[in-house]
Number of protein chains: 2
Amino acid sequence: MADQKKMVEDITSMDVDFAKWYTDICKKAELVEYTSVKGCMVIRPYGYAIWENIQRILDGYFKETGHENVCMPMFIPESLLQKEKDHVEGFAPEVAWVTHGGNDLLEERLCVRPTSETLFCEHFANIVHSHRDLPKLYNQWVSVVRWEKTTRPFLRSREFLWQEGHTVHATAEEAIAETEQMLNIYADFYEKDLAIPVVRGQKTESDKFAGAESTYCIEALMHDGKALQAATSHYFGDGFAKAFGIQFQSKENKLEYVHETSWGLTTRTIGAIIMTHGDDNGLVLPPAVAPIQVVIIPVAQHKEGVLEKANELKAQLSKSFRVKLDDSENSPGWKYSEYEMKGVPVRLEIGPRDIEANQCVLVTRHNREKTVVSLDNLPDAISQKLQEVRDGLWEKAIANRDKKTYKCTSIDEIKAALAENGDGLVMAMWCGDEACEDKVKEETGVGSRCIPFNQENLDDKCVCCGKPAKHMVMWGNAY
Amino acid sequence: MADQKKMVEDITSMDVDFAKWYTDICKKAELVEYTSVKGCMVIRPYGYAIWENIQRILDGYFKETGHENVCMPMFIPESLLQKEKDHVEGFAPEVAWVTHGGNDLLEERLCVRPTSETLFCEHFANIVHSHRDLPKLYNQWVSVVRWEKTTRPFLRSREFLWQEGHTVHATAEEAIAETEQMLNIYADFYEKDLAIPVVRGQKTESDKFAGAESTYCIEALMHDGKALQAATSHYFGDGFAKAFGIQFQSKENKLEYVHETSWGLTTRTIGAIIMTHGDDNGLVLPPAVAPIQVVIIPVAQHKEGVLEKANELKAQLSKSFRVKLDDSENSPGWKYSEYEMKGVPVRLEIGPRDIEANQCVLVTRHNREKTVVSLDNLPDAISQKLQEVRDGLWEKAIANRDKKTYKCTSIDEIKAALAENGDGLVMAMWCGDEACEDKVKEETGVGSRCIPFNQENLDDKCVCCGKPAKHMVMWGNAY
């Protein structure tokens, strides 16, 4: 037990070294483990259970909106990857190449998918012939590979898990509506289920997906003031359709090209949860995706009736919640630390005196607030506490974002805001010229994150060149 | 619609060409589509939905028995693959090798996992230190790659989906019990949920998994008399533990090696379903994994009240079943063929006269039997029909297996049975000598499939050499 106590003591404080704090949590909460495969990691049961909850919820949203799951090969022949010019330029430098099958050199090398537009396009060309075949609303849950130089658990790794949606439509309007719909599904998931506020917006030309006509994104602010791209949704127009010959007979009997979208969300979502809600005691999980929503800790468990009661409560609560009863021989104090580290939203303490008084103690993880509640209507009390955790996390995250959003009308103002308050989300006007975008980044260190849908007119002039402004842009340092 | 009618006419009869019948179903029921990635396929929504149901059910069984899901990297460094001698010998000739990341040659090449024992072992060595860390009961749902020369949808492809369980235990007894438990879970799943009878047994020495001490398997008989290895469960002893240094401090404070298992089931299960239950009208799906359990076909749907009633029934039945209402403009006759092709277990027909009489017609896919049932208690009637389909499939499969199981006491008898009745499961005694195993295969064409747990003493002598028999072996031609 002396060993185990070290767990908590070992965590670096987030104010001392945020990066170290982050990797400490990844290890100590048993989310990941390193491997001898450079840049790749093991996602351990507790981390993977978070991902399973994310999958279950999102997959439900996708299916409600008419999407179907499929599975494409993990390999892409080099010639197929090359069919769309911008796309191959964007991805070829960072793919892993398979050159041999067994002892034989392959006639054509295959890349491990970095994303699957080309495979979906080939498939759509095979199965779409008539307007009656449209739309096709497909998704897949797989892993992809991008040969990153520097990696960090969840945030950037050579292999990561994600879902990629790929859809084809008869008209541009329909495809654009799909792109927007999926962005809103992501945003609602982040805000409602994960309690992470996001900015919805569009990437600038220089930052859009390789091959896309436009890229929408949601951007979240991490506790340290850095931005994180949380999900993207791309509108492709008919660019891929032309490159891959995806045509259909319209109602008017004309041969037309389809319009296409794709959209994705990855395991970096787990990184976003850690860096938005975590604290110096460890992980703090939003109830919707917490593998354990309620942990029951018996107090004086050797006393008569305590474990029986704890087991009874577990059986009762398991009907509505994900519950764990820890009846191991570790001390209650050690258990408190352990499940704080693991970010369990609600802790339920029950001892002999509680049982006598027909009550128990509930402690919410995010603020460590204790409430004594009656054992009558316990499920309602738990529901309420879980809602309090979600809402408490949301308010904390909103407050942090408000504090770290800087509206600026000059480069000097940007520099001053960042120097005074540290990293944050800078809102400033932009003329639309890529040269100005680059210059802002060069002079202030913050790059354009997106053009928020929610526009404000902070000024009539570009923050950089002083020419008439076209958009308010959100700038930031990003993960 | 003329186009669409062709769907059914196009299927090759199973008696004419079983292999062609199989691939016809794969295509026409829209389970898979070919790609330009040689040996790999697209699993289409209808095929993938079957897999999702398989996953959901099995994952439930795994979790009920205490297993947790994790995710390992898809790559294995060559040096890691080589750590266990038998294992690398078995797999190295059939792996895909990644040699380049972007434009750079890798220092060490990586194979795409053909199976993940080596990665799990490395991880176990990192996280297992004490008897308190045991057992670890892990599983992952991923795809793996084996560079097969000839491929067929679901049955043999270069990439396939599966789950692989990997567990470590303090004692050999516990590990053996786990190996058996998982084999029984697979067998029960096949028999109860898929209505496919299986033979439980052990592989002979020559046929066991590369690196295993013993391999258990379940073998199923396909409609054409060939056997299919449906799932395997391996006991590793401490062989991998020694190769990877997975040791723990025992309760008695001694440093000991763990005992290990692994077990897997793949998408070839979908092939087994097709080849066990399918017929000349297409797929026939066991209700437990059918993406659509009940399809509602409105008759004279333009007449007042028909679609309303059909929608009402859909809403009612969707609470308990996976239901589709096809209200497209195709004729009822076309729809009947379409959903027969797709193997939907129960068809519900409802027209104006049915509505007037407060009834509908239910047709079960496997025998095309029609029943008129009251709309009162419809969910009960559907439940009963689904059970009838499952039981009907089971009886048909059992009858086929009984017909095609040949008990033989000499090589000549084996040859005669196969010549007279075609492929099947041959039961015959064996002395345990590999030379005899090879000779039976050479002379009769059928190889050893397993040593069934359920032994019978057909004879005292080996079917081949006449020396004392050790086991009854099941022999067959296999997929």
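**A walk through a two-chain model**

The axes of helix 3 (residues 45-64) of chain A and helix 9 of chain A come within 10 Å of each other and cross at roughly 105°. Axes here are lines fitted to C-alpha atoms, for helices over the stretch in contact, and angles run from 0 to 180 degrees between N-to-C directions. Helix 3 of chain A brings Gly47(A), Ile50(A), Trp51(A) and Ile54(A) to the contact, and helix 9 of chain A brings Thr269(A), Ile270(A) and Ile273(A). Contact means heavy atoms within 4.5 Å. The residues of this contact divide into five nonpolar, two polar and no charged. In this count Ala, Val, Leu, Ile, Met, Phe, Trp, Tyr, Cys and Pro are nonpolar, Asp, Glu, Lys and Arg are charged, and the others, Gly among them, are polar.

This is a predicted model: local features need pLDDT of at least 70, side-chain atom pairs count only at pLDDT 80 or more, and totals for chains, interfaces and linings use all residues. Residues are numbered from 1 along each chain as its sequence is written, chains are lettered from A and ligands numbered from 1 in the order in which they are written, and side-chain values use heavy atoms, with hydrogens and water left out.

Stay with helix 9 of chain A. It spans residues 268-277 and is mostly covered: ten of its ten residues are buried. Buried means under 20% relative accessible area, exposed means over 50%, and partly exposed lies in between (1.4 Å probe, protein chains only). The buried residues include Arg268(A) and His277(A). Helices (H or I, at least four residues) and strands (E, at least two) are DSSP runs, numbered from the N terminus.

Now take strand 14 (residues 259-266) of chain A. Eight of its eight residues are buried. His259(A), Thr261(A), Trp263(A) and Leu265(A) point one way from the strand, while Glu260(A), Ser262(A), Gly264(A) and Thr266(A) point the other way. Strand 14 of chain A pairs with strand 8 (residues 159-169) of chain A in the antiparallel sense over eight bridges. Two strands pair if DSSP finds at least two bridges between them. One bridge sets His169(A) against His259(A). Strand 11 (residues 227-237) of chain A also pairs with strand 14 of chain A, antiparallel over five bridges. There, Ser233(A) stands opposite Trp263(A).

Next comes an open sheet in chain A. Its five strands follow the order 16-15-17-18-19, with mixed pairing. Strand 16 (323-325) and strand 19 (370-374) of chain A stand at the edges, each with a single partner strand, so one side of each is left without a neighbour in the sheet. Neighbouring strands of this sheet are turned by 25° against each other on average, direction ignored. Inside the sheet, strand 15 (residues 294-298) and strand 17 (residues 346-350) of chain A pair in the parallel sense over five bridges. Val294(A) stands opposite Val346(A). Helix 10 (residues 306-317) of chain A packs on the sheet, touching strands 15, 16 and 17 of chain A, and its direction makes about 170° with that of strand 15 of chain A. Helix 11 (residues 332-341) of chain A lies across strand 15, strand 16 and strand 17 of chain A, running at about 170° to strand 15 of chain A.

Chain B has an open sheet of five strands in the order 16-15-17-18-19, with mixed pairing. Its edge strands are strand 16 (323-325) and strand 19 (370-374) of chain B, each pairing on one side only. Five bridges join strand 15 (residues 294-298) of chain B to strand 17 (residues 346-350) of chain B, which run parallel. Ile297(B) has Glu349(B) as its bridge partner.

Finally, look at the largest nonpolar core. It has 82 residues, and those with the most contacts inside it are Phe75(A), Phe75(B) and Val112(B). A nonpolar core is a set of buried Ala, Val, Leu, Ile, Met, Phe, Trp, Tyr and Cys residues joined through side-chain atoms within 4.5 Å. What is Val112(B) in contact with, leaving aside its neighbours within four places in sequence? Its contacts include Met74(A), Phe75(A) and Val98(A) from chain A, and Met74(B), Phe75(B) and Val145(B) from chain B.
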